[in-house]
Every structure is written in structure tokens, then in C-alpha cells.
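Here's a quick tour of the structure below, written for someone who likes to check the geometry. Grab a viewer and follow along.

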Amino acid sequence: MAICTMEDTDVGRWFRLQRRTSAVIKYALLLALVVIWMFPVYWMFTMSVKTPLEREQRPPALIPSEWTGENYRYLFEVRGFQRYAVNSIVVAAASTGIAILTGALFAYALARFTYPFNLNYLLLFGVLILRMFPPTVTIIPVFVIFLNLRLIDTVWALIIANVYLQLPFVIWMMIGFFQDIPVEMEEAALVDGDSRLTALWRIVLPLAAPGLVATAILTVIFSWNEFLFALILAESKAVTLPVATSTLVQQFGILWGPMTAAGSLFTIPVLIFALIVQKHLVKGLTLGGVKA
Amino acid sequence: MTVENTSQGTQVTFDNVTKRFGTVVAVDRLDLAVSEGELLVLLGPSGCGKTTSLRMLAGLESVTSGTIRIGNTVVNDLPPRSRNIAMVFQSYALYPHMRVIDNVSYPLKIAGVQKSERYDLAREIAMLLQIDHLLDRKPRELSGGERQRVALGRAIIRRPNVFLMDEPLSNLDAKLRVQMRGEMKRLHAELGVTTIYVTHDQAEALTLGDRIAIMRQGVLQQVDSPKEIYERPANVFVGSFLGSPSMNFLDGTVRQEGGRAEFQGESFRISIPAHWLRALESGDKRADKGLILGIRPENIQIFHQIQDDHIPAKIYVVENMGNETVVGVDLDGHIITARVDADFEGEIGDPIGLRFNLEKAYLFDPETEERFV
């Protein structure tokens with residue numbers, strides 16, 4: 001028989017070899033990137049559990065030979081980090097909740113309705129201008145306002161400040177997600193007996209869930225990391241983890257042990273939050289509802 | 001089956017309804033009455049205002065002026081949920097995060113019907129539509145035809161007063177479309193619910209509609225039964241829009257010589273029936289003003305042997321469709337089409353003779369494009 005398949009020829013063999021080689025190269029590159037990115041995190045964590053002696057060892061040990069919780073004990077028992085952690089959690093959770101709720105409704109209204117006088121565009125752009133101000137420019141007026149409101153050194157001040165900082169981001173993120181949901185689905189719900197609000201609740205929000213979750217994760221991370229406003233608006237009672245961690249940089253040196261322990265602690269809640277909500281981050285939830 | 005004939009059809013009336021988007025008039029003074037249990041097809045090219053009319057009836061678009069009634073109720077300012085209508089969208093608009101059974105029973109869920117009860121009814125309707133094996137799937141796992149049935153089921157389940165269908169079959173492939181067309185007709189016969197069906201597909205309109213309403217650029221052109229609208233088109237547009245291949249139009253004038261009247265085209269003349277002349281005179285039409293003769297392809301006969309009363313022409317192209325042959329005819333520079341038997345034989349350029357069956361031809365006024373014979 002004169003028929004030969006691709007596999008029988010040199011060309012076929014060459015293609016298969018090439019495909020296999022390119023896969024190997026791809027995974028090797030990805031692995032290298034993961035190692036490069038993860039190494040500082042790994043280093044921070046191992047530093048935090050090393051004894052002071054091993055920490056100063058040259059060359060440094062890749063794997064700690066002896067584990068100690070001393071640095072963590074120092075943070076909680078001497079520095080009172082539990083209080084700062086509670087402040088941080090309250091501020092991040094409350095500001096994210098408020099920003100997501102109000103921002104999503106704002107974005108939905110702009111995505112679905114056309115307002116007169118070009119208001120859709122003006123409002124959306126106005127919101128962006130808010131974010132264009134460098135926060136440092138607004139920090140003194142904001143401080144004076146909160147001083148007059150007697151909110152300085154309260155978590156309320158930090159919650160409000162974080163909502164102010166995150167809202168433009170939430171609105172700009174969510175408007176895209178809402179625009180991606182076919183309007184016919186909502187119209188079908190309206191005809192099926194829903195009101196605008198129940199259609200929003202039962203049809204639109206479930207479909208926008210991946211967008212809401214992605215936005216919420218980023219908002220939580222931003223609020224959690226926020227330093228400037230926390231530094232200026234809180235003195236002692238409302239101090240958050242980033243500000244408290246910065247106090248470990250002292251006049252005559254950096255307390256590396258407690259510093260790496262604080263850094264590790266600081267990462268954990270965000271990591272847990274992301275792991276919990278990641279299942280909502282599935283793509284293609286709206287697939288199949290309408291014919292593309 | 002208990003889902004049969006449970007709904008009472010309700011009359012729908014558009015009374016001088018206009019819709020403007022900014023300066024664009026989408027629907028212009030629409031007057032239309034749909035009777036109880038009727039299936040009315042709104043037909044027209046895209047952008048003619050048919051979908052806008054349907055959306056106004058659904059409450060998804062506001063009405064600029066005029067009144068819309070469902071039954072005796074003016075619904076202009078009622079939200080969609082208070083109109084007791086059901087709609088099937090062109091894109092189906094299923095809820096992608098719900099299973100089929102939840103999609104179908106969604107209107108009942110909103111109405112507050114118990115879960116077991118609404119699921120029972122959904123199963124019953126799924127049987128009717130032959131989707132009972134799909135109830136636990138999500139819309140994304142269904143084919144186009146199956147999604148279409150789910151959308152239909154969701155519309156049927158709430159026993160609405162009126163069904164609104166917005167090109168429900170246009171996303172299906174040709175074979176499935178023909179199959180679903182038949183099922184739509186059967187379903188309408190079983191349920192007897194007043195239905196307004198929007199389409200741009202003339203075959204759907206002709207097969208499904210009790211009556212057809214043809215729209216063009218926001219203006220209603222003609223409302224009539226499919227047979228009537230095909231045989232007695234109100235104007236040039238209706239004549240050309242319905243029928244495939246479409247109607248031929250020839251310019252000319254009517255001349256009288258003695259007792260005989262003739263239609264004088266650019267390159268031919270043909271005797272016309274006496275009653276055409278009477279109609280022309282009573283309609284106060286000056287015959288010499290110019291007229292348009294409209295004739296459908298099936299009313300033109302082709303002869304290879306040219307006789308005196310034939311119109312001489314040449315074959316331009318021959319298209320064999322299997323069950324019939326469509327012949328393009330070169331009539332002195334004008335290409336017209338004729339529909340003849342499948343066994344027709346002829347070569348491009350062959351001289352032929354044409355005979356027009358004028359009993360089934362029309363005269364239109366070239367200015368208004370209205371038909372007067």
C-alpha cells in the first residue's frame with residue numbers, strides 16, 4: 001500500500017518531538033517564574049521561625065534547623081498585635097462591603113440606563129477624577145474634616161477613607177461586568193414577573209458574581225495594605241497592621257525577626273479569603289443563556 | 001393534558017401608537033387589532049418597527065403616543081409584570097445559572113407557587129415540548145433547538161393572556177426551523193392563546209399566521225390573511241416582499257385603441273382585461289400617466305415556439321431547483337423571472353415567447369406605489 005500516515009514520516013516524528021520539547025520548555029519557564037516569585041515569601045516565612053542565631057548565619061540556611069515561635073510571641077505579647085489585626089480586619093471587611101454594595105449599584109445604574117445631559121459619561125468620568133488625585137494631596141483636608149467630625153483615631157475614619165479610595169475602582173470594574181450580561185435576560189425576568197430590583201437580585205447579581213468576587217478580592221487587598229491614611233488618621237486605638245508593622249523599623253535597626261513574622265501574619269488572612277472565594281471566580285457562567 | 005386550552009385568549013389593540021427614538025420615528029401611528037386566540041404575524045425587513053411594536057406591547061419600551069390595550073385594559077404605563085404576557089426572545093434569554101426545570105418554572109416561582117407544584121407543572125410542559133429528559137441540565141449544555149423549547153416552555157407555563165414571539169426561530173438551522181415552525185403552529189392550535197409573532201421570514205409568516213401585518217419603515221402596509229396578502233398585495237412593497245422569487249415589476253402606460261386596451265411597456269404591448277380599464281377610469285387615474293405592472297413568476301408562461309400573442313424575449317439564465325425551474329428572462333434589457341416546471345429545458349440566449357396571466361397580475365400607481373387593479 002502506498003498510503004502512509006503522518007507518523008510514518010520523518011516530518012511527523014519531527015513535529016511530535018517539537019511539540020514535546022515546547023511543552024517541556026513551557027513548564028520549565030513557568031516553574032522558574034514560580035520559584036522566583038515565591039522565594040521571597042518562603043524566605044520571609046522561614047526567617048520568622050528561625051532562631052536569632054540561625055538568622056545571622058552566613059551562608060544562610062535554606063531550611064531552618066530549629067523552629068521557634070519567639071517572634072510571634074513577641075508581636076502578640078509585647079507589641080499587642082492582636083488589636084491591630086482586629087482593626088485591620090474590621091476596616092478591610094467593612095470598607096469592602098460598603099464599597100462593593102454602593103459601587104455595584106452605581107455601576108448597574110450606569111450600565112443599564114441612559115440618563116439625560118450625558119450624565120452617564122460625566123458621572124463615570126467624574127468618579128475617575130476622584131481617583132486621579134494623588135491621595136497625598138487630599139490627606140490634609142481629609143484629616144481636618146475627620147478632626148472636625150471627631151473621628152480621628154477611630155476605625156470609622158479608616159472605613160470611610162477606604163471606601164473613598166476604593167469606590168472608583170469598584171465602579172469601573174463592575175460596570176464592565178454588568179455590561180457583559182445580556183440585557184435580554186433581565187427583560188425576560190421582567191416579563192416573567194420580576195420587578196427591576198428582584199430581577200437584579202435573582203438574575204443579574206448571580207451572573208455578575210465572578211465580577212463581584214474578583215472586585216471584592218482586589219478591594220480587600222487594597223484596603224488591607226492601605227498605609228498612608230491609616231498612618232495619618234489613626235494614632236493608637238485604630239492603628240492597623242501595616243502601620244504597626246512599620247514601627248518595627250527602629251532608630252538603630254530593623255527587628256528582622258518580628259518584622260518577618262508580621263509580614264507572614266499579614267499575608268495569611270488575604271490568602272484564606274482568596275482561597276474561600278476563588279470557586280466563584282469561574283469563567284463562562286453566562287455561557288449558554290443567549291445564543292451568541 | 002391539563003396544559004391544553006387553559007388560557008383565555010385576549011384581544012390586543014394598538015390605537016394610533018407612535019414610538020420615537022430621538023428624531024427617528026420607529027413606529028408611525030400604528031393601528032392594529034389582534035383578535036382573541038389569533039396568531040398575528042408582524043412581518044417586515046429589519047428596522048421596520050415590528051420588534052419595537054412588540055417591545056412596546058411587552059412594556060420593555062415606552063410608548064411615545066397612542067394607546068395599547070390588552071383586553072380592555074390600557075397598558076401604556078403598566079410594568080411588564082402586570083401585563084400577564086409571556087415573551088420568547090430571539091436570543092432565548094434563558095437564565096444560565098439555573099437548571100432547565102428552574103428556567104421553565106421561574107415565572108411560577110416569582111408568582112409564589114410552591115416548589116413541588118411548579119416542578120410538577122414544569123415536568124408536564126417539558127413532556128409536551130419533549131424536553132423532559134433535559135430538566136436537570138443547564139442551558140449551556142443544550143443545543144439551539146433545545147434552548148428554543150425551554151424558552152417556549154417558560155412562556156407557556158404561566159398561562160399568559162398573550163404570547164409575544166420575537167423571531168423565535170431565526171437562530172435555528174434551516175431544517176430545525178421548518179420542524180419547529182410546524183410545532184409552533186400545533187402548539188398555538190392546542191393552547192389557543194392570542195399570539196403576536198415577529199419575523200422577517202416570509203415563509204414563517206405565510207405558514208404560521210392567521211393574519212399577516214406587513215410593516216415598512218415604521219408604517220403598517222397591509223393586514224390580511226396570508227392568502228389575501230399574497231394574492232392581493234396593497235402596494236409594490238408588499239408585492240415584492242412576499243413570494244420567492246419575488247414579483248416582477250414592469251413600467252408602462254395603458255393605451256386605448258377602439259374598444260381594446262393595451263398595456264404598453266418599453267418593448268412590448270399586451271392586451272389587458274376590460275375590467276382593468278373600468279377600474280382605472282373609476283379610480284380617476286389618467287392612463288397615460290404611467291403605471292407599474294406587477295406579475296408573479298408563476299404567472300408567466302414560457303414557450304419555445306413564439307406565436308403572435310407572445311411577448312418575444314431571450315433566456316438569461318436557467319436555475320433548476322429540483323421541483324421547479326426558475327428562469328431569468330431578458331426582456332429587452334430588463335431581467336424578469338418566471339417559475340416553470342422542473343422539466344423545462346433551455347439554453348442561455350435561446351429566443352422564447354412569454355405569456356402573462358393577467359388575471360393574476362396587478363397595476364400599481366408609480367407615485368404612491370399603491371395597487372389599484
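Let's start with a pair of strands: S9 (residues 211–216) of chain B is joined to S10(B) by 5 bridges, and the two run antiparallel. If you want one bridge to look at, Ile214(B) has Gln222(B) in S10(B) as its partner. Keep in mind throughout that this is a predicted model.

Those two strands belong to an open sheet of 6 strands in chain B, ordered S6-S7-S8-S3-S9-S10, and the pairing in that sheet is mixed. At its edges sit S6 (85–88) and S10 (219–224) of chain B, each pairing on one side only. Going from one strand to the next, the twist averages 15 degrees.

Chain B has another open sheet, this one with 5 strands in the order S15-S19-S16-S17-S18 and antiparallel pairing. Why do S15(B) and S18(B) each have a side without a neighbour in the sheet? Strands S15 (300–303) and S18 (334–340) of chain B stand at the edges with a single partner strand each, so one side of each is left open. The twist here averages 45 degrees from one strand to the next. S15(B) pairs with S19 (residues 351–356) of chain B in the antiparallel sense, over 4 bridges. Within that pairing, Ile300(B) has Phe356(B) in S19(B) as its bridge partner.

| Sheet of chain B | Strands | Pairing | Average twist |
|---|---|---|---|
| S6-S7-S8-S3-S9-S10 | 6 strands | mixed | 15 degrees |

Zooming out, chain B has 10 helices and 20 strands. Its C-alpha trace spans about 80 × 45 × 35 Å along the principal axes. Of its 373 residues, 41% count as buried. Among the contacts in chain B with a separation of 6 or more, 65% are between residues 24 or more positions apart.

Is Gly252(B) buried or exposed? Gly252(B) is buried, because 20 other C-beta atoms lie within 10 Å. Leaving out residues up to four places away in sequence, Gly252(B) touches Phe263(B), Gln264(B), Gly265(B), Glu266(B), Leu291(B) and Leu293(B). Ala342(B), on the other hand, is 90 residues apart from Gly252(B) along the chain, and 31 Å separate their C-alpha atoms.

Now over to chain A and its helices. The axes of H4 (residues 81–112) of chain A and H9(A) come within 9 Å and cross at roughly 140 degrees. That angle makes H4(A) oblique to H9(A), and H4(A) passes H9(A) in a right-handed crossing. Residues of H4(A) that take part include Ser88(A), Val91(A), Ala99(A) and Tyr108(A). On the H9(A) side, the residues include Leu200(A), Val204(A), Thr219(A) and Trp224(A). By class, the contact has 12 nonpolar, 6 polar and no charged residues.

Finally, what about the place where the chains meet? The contact takes 21 residues from chain A and 24 residues from chain B. On the side of chain A that touches chain B, H8 (183–192) and H9 (196–225) of chain A each supply at least two residues. H8(A) gives the largest share of that side, 7 residues. Sorted by class, the chain A side has 11 nonpolar, 5 polar and 5 charged residues.

Note on methods
Residues numbered from 1 in each chain as written. Chains lettered and ligands numbered in written order. Predicted model: local features only at pLDDT ≥ 70, side-chain atom pairs only at ≥ 80, totals over all residues. Pairing = 2+ DSSP bridges. Axes fitted to C-alpha atoms, helices over the stretch in contact; angles between N-to-C directions. Contact = placed C-beta atoms within 7 Å. Nonpolar A, V, L, I, M, F, W, Y, C, P; charged D, E, K, R; others polar. Buried ≥ 20, exposed ≤ 12 C-beta atoms within 10 Å, placed from the backbone. Parallel < 35°, antiparallel > 145°, perpendicular 65-115°, else oblique. Left-handed = near helix turned anticlockwise from the far one by under 90°.
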